[in-house]
Amino acid sequence: MDGIGFGSMSGPGGATNAGAAGSYGGQGGGYGGGSAGSTYGSITAPVDPGSGGGPGYMSSGGSGGGALRLDVSGKLQVDGLVTANGIGSPGTYQMGGGGSGGGIYFTVGTLAGNGVIRANGGSGGGQGAGGGGRIALYFNTNTFTGQVSAYGGPVVSGQTGGAGTIFTKASAAPRGLVLVDNGGTNGPTRLNSSLWPVGQVFDLTIAGAGRLYTQGQLLVNDLVLSSGAGITCDAGSSMGVSLTALGSARIDTNTSIDVTGNGYSSGSGPGYGGGGAGGGYGVQAGDPVAAVPMAPPTHRWTSAAAVVPATCPAA
């Protein structure tokens, strides 16, 4: 299923510029100011193939991974490879952007084995690398001990791709788990509220240096950040980071929820007056320095739900 999705600059997440990469679950890497495609598709039922990267010098962009839907009433034993990877730019020069990973969607009685289930993005070489795809695994029993990944693609000198999503749910479990894991490499995963199924609440784990860019409000049950992961938003985002955890929230060492510098741009905002004002007054050259009383914080953690209401105002 590798590279049989959408071709160069094609698909819902196809690159819009030369050298940029395709996106699906994870954002593809940009190149030279050019934009990768947008993330798309279903987290819980990924039936779409991956999208293609943009062309480069004497090279077409890499194609996205294909889409695989598999229903097994009994036991599915995976000791080999099940892959829907995007591929890098073909040809001698390989100067195009990588294709995004594809979609893998299993519904099985028992998931067993120690093989590989993978929907990784294609390599970017010196250009943008493809974003990871989407995987959803439904089962009654899970004894699988192999590798499941939807990593963004690697690069030599361009921008890496962001992690795709891996959704797992046991039939007896009250809710599923969404995992965003980029295998230790920083790359953007944009998860907007339109991609999050309406009325459903899942656990969310971000790991392996995955970097989640939220767009709109997300409602989860348990939240875990581990292994260099982070949550942020795009500069000037009108919604900022707005995430509510109904259960617990764990932010491990070397992880972050960081919106530093993502507020109003230079020369704008309701507190602009030559200096900058937010929690305190801004100061211009020559202004006297005076003590200003601080108001109490307006947001806090509550016992009913862990709320992360950091805001990145519109530019």
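Q: What makes Tyr105 and Phe202 contacts of Thr44?
A: Contact means heavy atoms within 4.5 Å. Thr44 touches Tyr105, Ala136, Tyr138, Phe167, Pro197 and Phe202, with residues up to four places away in sequence left out of the count. This is a predicted model, in which local features need pLDDT of at least 70, side-chain atom pairs count only at pLDDT 80 or more, and totals for chains, interfaces and linings use all residues. Residues are numbered from 1 along each chain as its sequence is written, and side-chain values use heavy atoms, without hydrogens and water.

Q: Why is Thr44 called buried?
A: Buried means under 20% relative accessible area, exposed over 50%, and partly exposed in between (1.4 Å probe, protein chains only). Thr44 has 12% relative accessibility, so Thr44 counts as buried.

Q: Is Gly128 buried or exposed, and why?
A: The relative accessibility of Gly128 is 0%, so Gly128 counts as buried. Gly128 sits in the loop between strand E4 (116-118) and strand E5 (134-142). Beyond its neighbours within four places in sequence, Gly128 is in contact with residues including Gly19, Tyr31, Val155 and Gln159.

Q: What makes Thr232 a buried residue?
A: Thr232 is called buried because its relative accessible area is 5%. Not counting residues up to four places away in sequence, Thr232 touches several residues, among them Arg211, Tyr213, Val241 and Asp258.

Q: How far is the side chain of Thr232 from the backbone oxygen of Asp258?
A: The side chain of Thr232 reaches that oxygen of Asp258 at 2.7 Å.

Methods. Helix = DSSP H or I, 4+ residues; strand = E, 2+ residues; numbered from the N terminus. Polar contact = N/O pair within 3.5 Å; in protein donor to acceptor, adjacent residues only side chain to side chain.
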